[in-house]
Amino acid sequence: MAKFLTSREENYSQWYNDLVVKAGLAENSAVRGCMVIKPYGYAIWEKMQQQLDKMFKETGHSNAYFPLLIPKSFFSKEADHVEGFAKECAVVTHYRLKNDPNGGGVVVDPAAKLEEEYIIRPTSETIIWNTYKNWIQSYRDLPILCNQWANVMRWEMRTRMFLRTAEFLWQEGHTAHATREEAVEEAQKMIRVYAEFAEKWMAMPVIMGHKSETERFAGALDTLTIEAMMQDGKALQSGTSHFLGQNFAKAFDVQFATKEGKQEYVWATSWGVSTRLMGALIMSHSDDNGLVLPPKLAPLQVAIVPIYKSLEGLEKIRKTVSGLMDKLKAAGISVKFDDRDTQKPGWKFADYELKGVPVRLAMGERDLENGTIEVARRDTLTKETLPLEGVEQHIETLLEGIQENIYKLALERRSKLITKVDSYEEFKTLLDTKGGFFLCHWDGTPETEELIKNETKATIRCIPFDAPEEEGKCMVTGKPSHKRVLIARAY
């Protein structure tokens, strides 16, 4: 099965598309730029969602739901915001269809034009802040810590499944605070939640930092990001958290009475991750045989394949492994006994490899006699035969080991793809030959940033939180710079 995948060396982009389709994660739909997330892909997304949801609730957030349609006038209220999203908005103009009197099928009823058009949400700040106006009167009503799991639409011209689609699934947190300090602390807390999720669950190392002014979210005073490095040397923005200041509170006139009885505008944040994390997961770890999933996010962690000549042999194997299955399930490990008679064991092995199942067990009639079982791990593609007795503890330890190993490999790969560069010429050469992240001095001007982007297609990914103070010269202009920024070509 795996041979149907284009190799990463040959064509990384084609390998990615092949893998998304062949592993049954998603497929293109009849709607331009939109995808169908298939059950196996959705099962991985659900595992992500469940863990993130738990982390949000542990940090004091509650889920709510706001409308999909936003009155057009709301977008006019925050100038930067509308400018940032204007080019990608889908607009609803009518509310009724009718049969074409000339027999041309269904047409839009011209008499059903909306007085005010609606925008299908590209993000929900405007509708939420219009709502918060009703919820907030006094300091006693603050903070509001809401999150919404939803779909959004941004009319993208060039799409790629999971990484950039016109409609995508995400969560968006929207919080309201009495002070600037509280809002800044919230934005920082949430980017750290994302980083912890990326590293501990996705096994994907990330760099946290501030976006440059040009790269900030439309309407934000500060955007924090986690940036990951894919195997092909391109960066992927994997989650953002925004300190919005009082911009949206002023736009929607959301004021509160302080303890001293003064009227003040509320401070805001918003933060989100999307199904783009699925793209990050695929590209961080997978290989030419298929997906490699971290055990914590694998819908199926252990697959057991019986190898038998007769139905009697199958029943003996089933009986023998039933105790093991019970013990694995009791330990919270998802396991499946694959007794389908429509496929041969070799086909099943290749299929589980393609789908990234972390551990595969095989038991044949000789294993029955010897009291053994074959254990194969997906990350290293190695196999060993072990006694069946007590193998459940080994599998538990093995799953933890696979999670750690996948992270370690991704971290090692990323370390090799971080280069300090001082000259613009060297930067341009290495960008084409090596790729990856570059730590460079930049003079802090949007003009220089724009020049780098236009000449090299690389962008400033972030100013890392842990970037040390260091006197240097901008690699392009030679003007003074006080710390290095992270630059890369990105998805």
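Predicted model: local features only at pLDDT ≥ 70, side-chain atom pairs only at ≥ 80, totals over all residues.
Buried means under 20% relative accessible area, exposed means over 50%, and partly exposed is anything in between (1.4 Å probe, protein chains only). Residues are numbered from 1 along each chain as its sequence is written, and side-chain values use heavy atoms, with hydrogens and water left out.

**Ile37 and its surroundings**

- Ile37 sits in strand S2 (residues 35-37); helices (H or I, at least four residues) and strands (E, at least two) are DSSP runs, numbered from the N terminus.
- Looking past neighbours within four places in sequence, you'll find Ile37 in contact (heavy atoms within 4.5 Å) with Leu25, Ala26, Tyr42, Phe162, Leu169 and Thr275.
- Gly24 is 13 residues from Ile37 in sequence, and their C-alpha atoms are 8.7 Å apart in space.

**A buried asparagine**

- Asn147 belongs to strand S9 (residues 144-153) and is buried, with a relative accessible area of 0%.
- Its side chain makes a polar contact with the side chain of Gln171, at 2.8 Å.
- A polar contact here is a pair of N or O atoms within 3.5 Å; within protein, one must be able to donate a hydrogen and the other to accept it, and residues adjacent in sequence count only if both atoms are side-chain atoms.
- Not counting residues up to four places away in sequence, Asn147 touches Asp53, Phe56, Ser62, Asn63, Ala64, Gln171, Glu172, Gly173 and Trp271.

- In soluble globular proteins, nonpolar side chains tend to be buried together.
- A nonpolar core is a set of buried Ala, Val, Leu, Ile, Met, Phe, Trp, Tyr and Cys residues joined through side-chain atoms within 4.5 Å.
- The largest one here has 62 residues, and the members touching the most others are Leu25, Met48, Phe162, Phe197, Met202 and Met230.
- Helix H6 (residues 180-200) gives the most to this core, with 9 residues.
- Apart from this core lies another, of 28 residues, including Ile70, Leu142, Phe217 and Phe256.
- Met202 is in contact with Met48, Phe197, Leu277, Ala280, Leu281, His285, Pro294 and Leu297, leaving aside its neighbours within four places in sequence.
- H6 runs for 21 residues and reaches 30 Å from its first C-alpha to its last, close to the expected 30 Å at 1.5 Å a residue; the expected span is 1.5 Å times one less than the number of residues.
- Buried residues in H6 are Ala183, Glu186, Ala187, Met190, Ile191, Val193, Tyr194, Ala195, Phe197 and Ala198.

**Salt bridges**

- Side chains of opposite charge can pair when their charged atoms come close.
- With a salt bridge taken as a side-chain nitrogen of Lys or Arg within 4 Å of a carboxyl oxygen of Asp or Glu, the count comes to 26.
- Glu392 pairs with Lys327, their closest N and O atoms being 4.0 Å apart.
- That pair links distant parts of the chain, 65 residues apart: Glu392 is in helix H12 (residues 391-416) and Lys327 in helix H9 (residues 311-330).
- Glu392 is buried at 12% relative accessibility, whereas Lys327 is partly exposed at 45%.
- Lys348 and Asp338 meet in a salt bridge of 3.6 Å, N to O.
- Lys428 bridges to Glu455, with 4.0 Å between the closest N and O atoms.
- Lys428 lies in helix H13 (residues 424-433) and Glu455 in helix H14 (residues 446-456), so this pair ties together parts 27 residues apart in sequence.
- Lys428 is partly exposed at 26%, and Glu455 is partly exposed at 46%.
- Lys211, Glu227 and Arg461 are linked in a salt-bridge network.

**Cysteines**

- A search of the whole structure turns up 0 disulfides, a disulfide being a pair of cysteine sulfur atoms within 2.5 Å.
- The sulfur of Cys440 is 9.1 Å from the closest cysteine sulfur, in Cys474, so it is too far for a bond.
- Cys440 is buried at 0% relative accessibility, and Cys474 is buried at 4%.
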